[in-house]
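Here is a short report on helix packing and aromatic contacts. Look at the model first, then read on.

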Amino acid sequence: MTLMLLARDGERSITDEALIDNMMVLFFGGYDTTSIGLAYACYELARNPAVARRVRSEVAEVMGGRLDFTYEDYTRLSFTTAVWKETLRLYPPAPITARNLLEDMELEGATIPAGTMMYIPIWWIHRDPRNWGPDAAEFVPGRFLEAAEGGKKKEDRAFANYFAFSGGARVCVGHRFALLEGVVVLAQLARSFDFAQPDGAPKVVSQSLGVVQEAKHGVWLKLGAAQ
């Protein structure tokens, strides 16, 4: 924001409209999508108590009794980061994205002309066993630890197919902030609460709402003080 405001005084001055558009993108990327992802993350902690305990143990080891996070703390929360990334793999808040072809593209013998809008199905790419193996539909945070530590050859190929924040020159402008924000908030929640699924809770079913998706009936959770 500071850089954009400073740009208003230079030769390439940013207009009020462009400034407002950028602010809206930052607020959208840092609030709506992150809150959707965190709802699903807490849901998976409720379904996977062993994962929740490991997150809490890591936070305790890194933070001790401190409440204020530093950037160094964030870099040491490797398993919590893996949980957040795996949540965004299974439940990408933005389930699709689109690109306009700048030139003709050959695809399986067919020519798609330049100017065509192409939709990239992030949700399905993230759940395709051809990309992620037979456990593609399962919540396995460890796959991101393996990738961070070098992983296996099949893991290296798979991670070329991770598009939670899109990719390339048009990657989400807030992707680094969203990773940091999600990990820090998830760590705070996991250290404070035990999550469980209440009796009679509706099944978590995702639905698309245009740009984003969210749970159709909400994510029902029962919270208790962390033990």
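## Charges over rings

Over the ring of which residue does the charged end of Arg 89 sit? That ring belongs to Trp 132, with its centre 5.1 Å away. Arg 54 has its charged end over the ring of Phe 79, 4.0 Å from the centre. A charge sits over a ring if NZ of Lys or CZ of Arg is within 6 Å of the ring centre and within 35 degrees of the ring normal.

## Basis

This is a predicted model: local features need pLDDT of at least 70, side-chain atom pairs pLDDT 80 or more, while totals for chains, interfaces and linings use all residues. Residues are numbered from 1 along each chain as its sequence is written, and side-chain values use heavy atoms, without hydrogens and water.

## Helices H3 and H5

Helix H3 (residues 49–63) packs against helix H5 (residues 78–90) at about 140°, with the axes 8 Å apart. Val 51, Arg 54, Val 55, Glu 58 and Val 59 of H3 make the contact with Ser 78, Phe 79, Thr 80 and Val 83 of H5 (heavy atoms within 4.5 Å).

## Aromatic pairs

There are seven aromatic pairs (ring centres within 6.5 Å; planes under 30 degrees apart are stacked, over 60 edge-to-face, the rest tilted). Tyr 91 and Trp 123 have ring centres 6.5 Å apart and planes at 70°, so they are edge-to-face. Both Tyr 91 and Trp 123 are buried (under 20% relative accessible area, 1.4 Å probe, protein chains only). Together with Tyr 40, they form one aromatic cluster.

Note on methods:
Axes fitted to C-alpha atoms, helices over the stretch in contact; angles between N-to-C directions. Helix = DSSP H or I, 4+ residues; strand = E, 2+ residues; numbered from the N terminus. Phe/Tyr/Trp six-rings, centres within 6.5 Å; stacked < 30°, edge-to-face > 60°. Buried < 20%, exposed > 50% of the residue type's maximum accessible area, 1.4 Å probe, protein only.
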